[in-house]
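The structure is shown first.

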Amino acid sequence: MLLALCGLVMLGLVREETGTEAFLVGLFLAVLPAPAVVLAFRWLGRAHPLPWRTHAFVLAWGACAGTLIALVANSFAAVWLADAWAHPVDPDTLAALAVAPVVEESAKAAALLLVLVFRGRLIRGPVDAVVLTGLTATGFAFTENILYLAKAFGSDREEGTGAAITVATFFVRAIFSPFAHPLFTCMTGLGVGLALLSRRRVGRVLLPVAGLLLAMAMHAAWNGSTVLGPLGFPLVYVTIMIPALGLTVWLVLWHRQRELRTVRETLPRYALAGWLSPYEPLALGSLRSRRVAAEFASYHGARADARRLRLYAAAATRLALLRSDAERGRRVPDFAPRERALLDHLWRERALARPAFAHSWRLAPPRAPHLLPAQPASAAAPGGWYAPPTWWPPTPSHGYGQGPGWGRGPGYGQGLGYGQGAPPPYGRAPAPYGASPAPYPGSPAPYGPAKPPYAPAPTGMPTGTGQPAREGARHDPWAPPRS
């Protein structure tokens, strides 16, 4: 409600300053580049997708609250500088160089701070932080573009230049540099994301501050390009903006591949215990296999099935990252209840996910053998786990030919299945962590009706009750555990 109120106030101020007709023209033109930028950031975060409510919140914050805070603060600063500044430099130029970057970047960074305070467990590293800050800045740039495009349209009307100023403003802000504001704020996201991965207290304090200062400096350089003459804008664009954009995208993609590798290396523990099918750890560690599985679920079921499969992949990714954090010694005080909630979510959706990922394994297998889980030199190594059996990953068998189809589609015919040739037995369960006894003494039925036992927490972590949640109860893998 507060964000909606801020949005109404902001739109009212823009309409009052530019007029209704100019406001509508600016609104229409500002909408055009926004979907492409939003989709680009959602694509960057598809390995570990965050809830859509979080994305909607940061977008609304940037478009409504962030712009309103910046407008009020910049106006106050401009009036104060006009009265108090006795220097040859124009007060408006000084405000654009020194005041606007500080105010605007701080207002946009407040959205990430709120998510960290109230939904901190959602942010796992630089990828999540960059996506959230980029979406915040996209909302901010959308509202700012309305103001600038509406003013340009009004200038065309007053000077009788047709649409020259409007077209030039639209080209610069919507086509030539739609990622300008998101790129500035992504520096703050990179600093916060790297601080979350840092194990030193100094790094956790200094990295966010360094990221915010870098965002302000880039913003000031961008605003100052107009002071450098006709060559200022191309010079700043080529020497600062393009290298920074390329480096940021490369770093985010590198961290995304690192998260997928963590999925491939961690989930086999749960597959050997019976929670996942043998195909899933490697299929979930490939974005291509996830896409094929979602298309399969949508084709044989409904569009809602594809969405359920994406939520399944998101829960599996969060489970792998949670386990990896605990094994690396990071403090995860509520590890046991969060692990149980995620495992229960995967278990409820297994009937939908297993045929889809078996199909994706056949059509989109990992492209290189290095995608297989890393095997320790010795099965008895401290803290290690037994290597996967020699049949890993299992050879698909023909099945489901005589049975009914899954969902509303026809039978699988020669497709993948478990009918005539079930996967070989899992063999001995993985040795857990440290010198603890093996938690899975038997060989659980891979696709039986009973839930496998919960894995114990890594050494030094709270163990919890170890009991599965009540069948039929509603679980939200994103919500904090109930006391």
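## Aromatic contacts

In this predicted model, one aromatic cluster is formed by Phe171, Phe176, Phe184, Trp222, Phe233 and Tyr237. The count of aromatic pairs comes to eleven. One of these pairs joins phenylalanine 41 and phenylalanine 179: the ring centres are 6.3 Å apart and the planes meet at 55°, so the pair is tilted. Planes under 30 degrees apart would count as stacked and planes over 60 as edge-to-face, which is why an angle in between is called tilted. The two residues are 138 positions apart and link distant parts of the chain, with phenylalanine 41 in helix α3 (residues 34–44) and phenylalanine 179 in the loop between α7 (164–176) and α8 (180–197). Phenylalanine 41 is buried, at 5% relative accessibility, whereas phenylalanine 179 is partly exposed, with a relative accessible area of 30%.

Tyrosine 279 and tryptophan 361 form a tilted aromatic pair, with 6.3 Å from centre to centre and 55° between the planes. This pair too links distant parts of the chain, 82 residues apart: tyrosine 279 lies in the loop between α11 (268–273) and α12 (280–284), and tryptophan 361 lies in helix α16 (residues 350–363). Tyrosine 279 has a relative accessible area of 2% and is buried. Tryptophan 361 also counts as buried, at 12% relative accessibility.

Two charged side chains sit over aromatic faces, as listed here.

| Charged residue | Ring | Distance to ring centre |
|---|---|---|
| Lysine 108 | Phenylalanine 140 | 5.1 Å |
| Arginine 256 | Tryptophan 43 | 4.5 Å |

Serine 177 is found in the loop between α7 and α8. Its relative accessible area is 9%, and under 20% counts as buried, so serine 177 is buried. The serine 177 side chain reaches the backbone oxygen of valine 172 at 2.6 Å. Apart from neighbours within four places in sequence, serine 177 is in contact with Val172, Trp222 and Tyr237. Trp222 and Tyr237 also belong to the aromatic cluster.

Proline 281 is part of helix α12. At 0% relative accessibility, proline 281 counts as buried. Between proline 281 and alanine 316 there are 35 residues in sequence and 8.9 Å in space, C-alpha to C-alpha.

## Helix α6

Helix α6 covers residues 126–159, which makes 34 residues. At 1.5 Å a residue, α6 should span 50 Å, and its end C-alpha atoms are 47 Å apart, which agrees. Of its 34 residues, 26 are buried, so α6 is largely enclosed by the rest of the structure. Glycine 160 follows α6 and has a positive phi, near 65°.

## The chain as a whole

The secondary structure of the protein chain comes to 16 helices and two strands. The chain has 483 residues, of which 49% count as buried. Among contacts with a separation of 6 or more, 75% are between residues 24 or more positions apart. The accessible surface comes to about 23700 Å², and 64% of that surface belongs to carbon and sulfur atoms.

Note on methods
Residues numbered from 1 in each chain as written. Predicted model: local features only at pLDDT ≥ 70, side-chain atom pairs only at ≥ 80, totals over all residues. Heavy atoms only, no water. Helix = DSSP H or I, 4+ residues; strand = E, 2+ residues; numbered from the N terminus. Expected span 1.5 Å × (residues − 1). Buried < 20%, exposed > 50% of the residue type's maximum accessible area, 1.4 Å probe, protein only. Phe/Tyr/Trp six-rings, centres within 6.5 Å; stacked < 30°, edge-to-face > 60°. Lys NZ or Arg CZ within 6 Å of the ring centre and 35° of its normal. Contact = heavy atoms within 4.5 Å. Areas by Shrake-Rupley, 256 points an atom, 1.4 Å probe, with all protein chains shown as cover. Polar contact = N/O pair within 3.5 Å; in protein donor to acceptor, adjacent residues only side chain to side chain.
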